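Subject: The structure you asked for, with notes

Dear colleague,

I am handing over the structure below, and after it come my notes on what was found. Please read them with the structure open beside you.

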Amino acid sequence: MAAQKKLIIGNWKMNLNVHDASVYLHKLDVEIQGHRDVEVVVAPTALALQPLSLQINRHKMKLAAQNFYWRDFGAFTGEVAATQLRGLVKYALVGHSERRHVFGETVKDTREKVHAALRNQFTPVLCIGETQSERTSGETKDILHDQLVGGLANVTSEEIDNIVIAYEPVWAIGTGNNASPHDVADAVLAIRSQIRHLYGKEKAASVRVLYGGSVTADSASDYLHVNGVDGLLIGGASLKLHEFGSIIKKAHNITQ
Ligand code: PGA
């Protein structure tokens, strides 16, 4: 099998207005000339998705939604439906730790969102990870198991080809306290063995798994070299043009 492109997703969270997002995207396009062997994705504010979808060079970069609601339409004030994102985005984050821990998103919500994304032809990036206290009490593998099995319930073995899993330990997100490559290797192994249990050996090897949590240009290569890591989900560092560009360059160098 040909080596997969590394997938690098920049999650801008609730930063950059539409204008700033557009300027950033333009500069990023210039910054990463010639790195087409890396799949580069940005997740701006939902407001910017429509204008950026007109601006983006889809051969070089893709858009992701940070969040959406799983029902198709109706009286859900303030929400954006997966049906409204259809055609605009290639990916969407599901179950990001801030959704789970700040906004109370449940495992059932993540499952509904996974299915809504698939129905609307974009790829869910299912984010899973343990909190510091779960880690301290040795529950990491149980948490990964529950979030994975719960989030993927009723996903078929064809559909799993179109799902990305991101291992994002909650204690590592936005803290500068990043996981060691050894921790990441362990977690990725646990994720792949769960996928193997659910979908068999071939899918366990082919499903894309990312790491996210305080990744910087300095640490990116270490994670990209971990066996079974297919890319990175970058928060804070994706807001810094040169740093994000340098992470993409590292993925490019590894792919070559
Ligand atoms: P961080 O965020 O890189 O700022 O830790 C990662 C994420 O939230 O996906």
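To begin with a term, a polar contact is a pair of N or O atoms within 3.5 Å, where, within protein, one atom must be able to donate a hydrogen and the other to accept it, and where residues adjacent in sequence count only if both atoms are side-chain atoms. This is a predicted model, in which local features need pLDDT of at least 70 and side-chain atom pairs count only at pLDDT 80 or more, while totals for chains, interfaces and linings use all residues. Residues are numbered from 1 along each chain as its sequence is written, and side-chain values use heavy atoms, with hydrogens and water left out.

Gln66 is found in the loop between S3 and H3, where helices (H or I, at least four residues) and strands (E, at least two) are DSSP runs numbered from the N terminus. A polar atom of the Gln66 side chain lies 3.0 Å from the backbone oxygen of Ala43, and the side chain of Gln66 also reaches the backbone oxygen of Pro44, at 3.2 Å. Contact, meaning heavy atoms within 4.5 Å, links Gln66 to Asn11, Trp12, Lys13, Met14, Ala43, Pro44, Thr45 and Leu93, if residues up to four places away in sequence are not counted.

Rolling a probe the size of a water molecule over the atoms shows where empty space is left. The search was made on a 1 Å grid over the protein atoms alone: a cavity is a set of points where a 1.4 Å probe fits but cannot get out, a pocket is an open set with protein on both sides within 12 Å along at least five of seven lines, and lining residues have an atom within 4 Å of a point. Grid points are joined across faces, edges and corners, and a volume is the space filled by probe spheres set on the points.

The largest pocket holds about 540 Å³ of space. It is lined by 21 residues, of which Met14, Gln66, Asn67, Arg99 and Phe103 are the closest to its centre. Both H2 and helix H4 (97-101) supply at least two residues each to this lining. By class, the lining of the largest pocket has 11 nonpolar, 6 polar and 4 charged residues, where Ala, Val, Leu, Ile, Met, Phe, Trp, Tyr, Cys and Pro count as nonpolar, Asp, Glu, Lys and Arg as charged, and the others, Gly among them, as polar.

Which residues of helix H2 are buried? In helix H2 (residues 46-55) they are Ala48, Leu49, Leu52 and Ser53, with buried meaning under 20% relative accessible area, exposed over 50%, and partly exposed in between (1.4 Å probe, protein chains only). These residues are on the same side of H2 because they cover an arc of only 135 degrees around the axis, the arc being that of the directions from the helix axis to the C-beta atoms. They pack against helix H1 (18-31), strand S3 (61-65) and helix H3 (82-85), whereas Leu47 and Leu54, on the other side of H2, are exposed.

The elements that give two or more residues to its lining are H4 and strand S5 (123-128), and H4 gives the most, with 3 residues. The lining of the largest cavity divides into 3 nonpolar, 6 polar and 2 charged residues.

Ile8 lies in strand S1 (residues 6-11) and counts as buried, at 0% relative accessibility. Although Ile8 and Leu233 are 225 residues apart in sequence, their C-alpha atoms are 6.1 Å apart in space. Tyr211, in strand S7 (residues 208-212), is likewise buried, with a relative accessible area of 0%. Leaving aside neighbours within four places in sequence, Tyr211 is in contact with several residues, including Tyr167, Pro169, Tyr223 and Leu233.

With best wishes
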